[in-house]
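Student: Before we begin, could you take me through the terms used for this model, setting each value against its definition?

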Amino acid sequence: MQRYLSSLIILVLGVYLLGFHAFAVDDNQYTAITGGMLIDGYETPPIHNATVLIKGNIIIDAGPAHTIEIPEGTTLIDARGKTVLPGLIDLHMHLDLIGHGDYDEYYSYIKGTERLAEIMPIAAKQMLRAGITSAVDLGSPLSILDIKEAINKGNILGPRLSVSGPWITRIKLGGVPDSYQIVIDSPKQAAKQAQYLIDQGVDVIKLWLGLTLEDYKAVVKVAHQNNIKVHAHLYKVDAIRNALKAKIDVLQHVGSAKMPPYPEDLLHQIAESRTPVIQTIAHRIWVYPATLSNPGRLDTPQMQSDMPADLYQELQRSFTHFHRLGYFHDTPDEIRNAKINAKQFINSNAYIGVGTDAASPLNFHSDAIWREMSALVDSGMTESRVITAATKTNAEILGKGDQLGTVEAGKLADIIIVDGNPLFDINMLKYVDTVIKNGEVQVFE
Ligand SMILES: [Zn+2]
């Protein structure tokens with residue numbers, strides 16, 4: 001009986017962890033993706049004419065076509081001429097945002113948090129359609145937990161979410177509703193609030209501004225006791241040094257050129273400690289000049305059909321004279337800094353993941369991920385390295401490297417098919433043809 005009970009608990013736990021409950025995928029149905037070029041996530045040359053065999057929501061095999069037998073009755077997906085790769089992971093995004101030009105005006109237009117239940121599913125759909133099958137939200141009211149559950153149940157389209165809920169900070173951010181932030185004034189408070197968030201069910205903790213070394217340590221202690229990772233919003237050298245001392249798990253934003261280049265010893269320490277770095281370099285520095293050169297990207301039929309007419313019109317209004325928006329005030333300087341800054345972590349061979357900070361102004365969920373990956377290639381990463389960063393490495397940073405991030409036997413079937421060769425031109429990642437999440441081909445109307 002004892003043995004039966006413990007196997008039952010393991011089974012239930014396994015079902016829960018792997019998300020079998022999430023979708024109506026037939027566990028015995030085989031699906032095979034055939035004929036495509038497979039990038040499996042390992043930063044190795046691709047496999048041509050590959051077969052990926054899926055049973056239910058699990059990848060059974062992936063390799064050259066001649067090595068894999070396809071069972072009778074298998075559903076076939078023809079990927080000839082296309083590239084097959086792991087679903088992309090965005091390690092820094094905001095599901096409450098849709099790219100509006102000004103945060104204050106946006107929150108005032110949507111009346112604080114009143115329309116989030118309407119907006120978050122729009123953002124979630126845009127991300128999934130862009131090939132993002134998992135994502136981390138770093139800053140929202142706790143109501144995001146309901147959206148996460150609705151996605152898990154298959155009620156709305158979206159990536160697998162990990163969420164921080166409200167960030168912990170010593171400096172209150174004006175213009176953002178109170179439910180986005182928890183303001184603390186001592187390490188003890190910081191620890192207490194971190195425990196509160198964990199008890200509410202968040203997946204990660206986000207630390208924001210003005211926090212001391214002792215605050216960092218207090219939160220890290222509580223988080224690690226609960227097996228939760230701590231992400232910190234960091235730009236300044238001293239704050240990064242404190243984060244390293246406190247063993248913060250993920251360094252967010254460093255490298256996005258808000259600051260002049262970083263000292264060599266700091267870069268060395270980050271690389272040596274293998275502390276994950278999410279640079280978020282594209283959100284101002286690449287997105288802004290791309291928009292200057294083609295303002296047409298701000299108004300597309302897809303964007304119009306993605307949202308209610310009033311929101312679409314409000315977005316368009318917010319883009320008027322976008323070069324004068326406060327958000328881009330320092331961007332010309334940042335672009336000059338970026339020539340060195342964005343390369344620094346890449347050249348120091350830091351442990352680099354990928355995050356977009358979407359949907360910050362003009363940085364839409366629909367294209368933020370390929371723009372960030374493209375910016376990383378511009379800054380010195382090979383196409384193969386950046387694809388691995390956005391898939392295998394990101395899954396490891398999430399703590400889900402055993403389930404996600406590569407196309408190989410035993411992993412969950414989160415796979416995208418792209419119409420083109422992103423190893424030749426990373427921008428081909430904008431042409432996502434098919435998204436498979438949890439073994440199921442996603443249908444976008
Ligand atoms: Zn952010």
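**Terms and values**

Tutor: Asn438 sits in the loop between β17 and β18 (440–441), where strands (E, at least two residues) and helices (H or I, at least four) are DSSP runs numbered from the N terminus. This is a predicted model, in which local features need pLDDT of at least 70 and side-chain atom pairs count only at pLDDT 80 or more, while totals for chains, interfaces and linings use all residues. Residues are numbered from 1 along each chain as its sequence is written, and side-chain values use heavy atoms, with hydrogens and water left out.

Student: Why is Asn438 called buried?

Tutor: Buried means under 20% relative accessible area, exposed means over 50%, and partly exposed lies in between (1.4 Å probe, protein chains only). Asn438 has 1% relative accessibility, so it counts as buried. Its phi is near 55°, a positive value in a residue other than glycine, and most residues other than glycine have a negative phi.

Student: What makes Asn349 exposed?

Tutor: The relative accessibility of Asn349 is 54%, and therefore it counts as exposed. Asn349 is found in the loop between α13 and β15, and it too has a positive phi, of about 60°, although it is not a glycine.

Student: What makes Leu423 partly exposed?

Tutor: Leu423 has a relative accessibility of 23%, so it counts as partly exposed. Leu423 lies in the loop between β16 (415–418) and β17 (432–437), and, not counting residues up to four places away in sequence, it touches Met37, Ile39, Pro46, Glu383, Ser384 and Ile387, where contact means heavy atoms within 4.5 Å.

Student: How do you know which residues are the protein donors of the zinc ion?

Tutor: Donors are N, O and S atoms within 2.8 Å of the metal (3.2 Å for Na, K and Ca), and because water is not among the atoms, sites may look incomplete. His92 (NE2), His94 (NE2) and Asp357 (OD) lie 2.0 to 2.1 Å from the zinc ion and are its protein donors. Along the chain the donors follow the spacing H-x1-H-x262-D. His94 lies in the loop between β6 (88–93) and α2 (103–109), and Asp357 in the loop between β15 (352–353) and α14 (368–378), so the pair ties together parts that are 263 residues apart in sequence. His94 is buried, at a relative accessible area of 8%, and Asp357 is buried as well, at 7%.

Student: Why is α14 called oblique to α15?

Tutor: The two helices, α14 and α15 (residues 383–398), pack at an angle of about 140°, with their axes 9 Å apart. Axes are lines fitted to C-alpha atoms, for helices over the stretch in contact, and angles run from 0 to 180 degrees between N-to-C directions. Angles under 35 degrees count as roughly parallel, over 145 as roughly antiparallel, 65 to 115 as roughly perpendicular and the rest as oblique, and the angle therefore makes α14 oblique to α15. The contact is made by Met373, Leu376 and Val377 of α14 and Glu383, Val386, Ile387 and Ala390 of α15.

Student: What makes α14 largely enclosed by the rest of the structure?

Tutor: Of the 11 residues of α14, 10 are buried, so α14 is largely enclosed. The buried residues of α14 pack against β6, β7 (132–137), α9 (282–285), α10 (287–293), α13 and α15.
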